[in-house]
Amino acid sequence: MLQQIALLKLEKNGKFMSIDDLQIRSKAGKAVIEMLANAGCLEGMSRSNQMSLFG
């Protein structure tokens, strides 16, 4: 519950642009990111903020 509140407070500073952005701003570890991904919470998010040059 506290982690959800913390994530909502972080999102007030702007939506998360990518999974990397979420991980950096929330200071979430790799295991947390993997759990969110396995639960389907990260669907539609790109891995990084960098745009692909080779579409």
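The model is predicted: local features need pLDDT of at least 70, side-chain atom pairs count only at pLDDT 80 or more, and totals for chains, interfaces and linings use all residues. Residues are numbered from 1 along each chain as its sequence is written, and side-chain values use heavy atoms, with hydrogens and water left out.

**Stop 1: the helix pair.** Select residues 19-26, helix H2, and residues 30-38, helix H3. Helices are DSSP runs (H or I, at least four residues), numbered from the N terminus. The two axes come within 11 Å and cross at roughly 135 degrees. Axes here are lines fitted to C-alpha atoms over the stretch in contact, and angles run from 0 to 180 degrees between N-to-C directions.

Now show the side chains. Ile19, Leu22 and Gln23 of H2 meet Lys30, Ile33 and Leu36 of H3; contact means heavy atoms within 4.5 Å.

**Stop 2: the loop.** Select lysine 27, in the loop between H2 and H3. Its phi is near 60 degrees, a positive value in a residue other than glycine. Lysine 27 counts as exposed because its relative accessibility is 75% (exposed is over 50%, buried under 20%, with a 1.4 Å probe and protein chains only).

**Stop 3: the core.** Select Phe16, Ile19, Leu22, Ala28, Ile33 and Leu42, the largest nonpolar core. Such a core is a set of buried Ala, Val, Leu, Ile, Met, Phe, Trp, Tyr and Cys residues joined through side-chain atoms within 4.5 Å. Finish on alanine 28. Leaving aside neighbours within four places in sequence, alanine 28 touches Gln23 and Ile33.

How values were computed. Helices (H or I, at least four residues) and strands (E, at least two) are DSSP runs, numbered from the N terminus.
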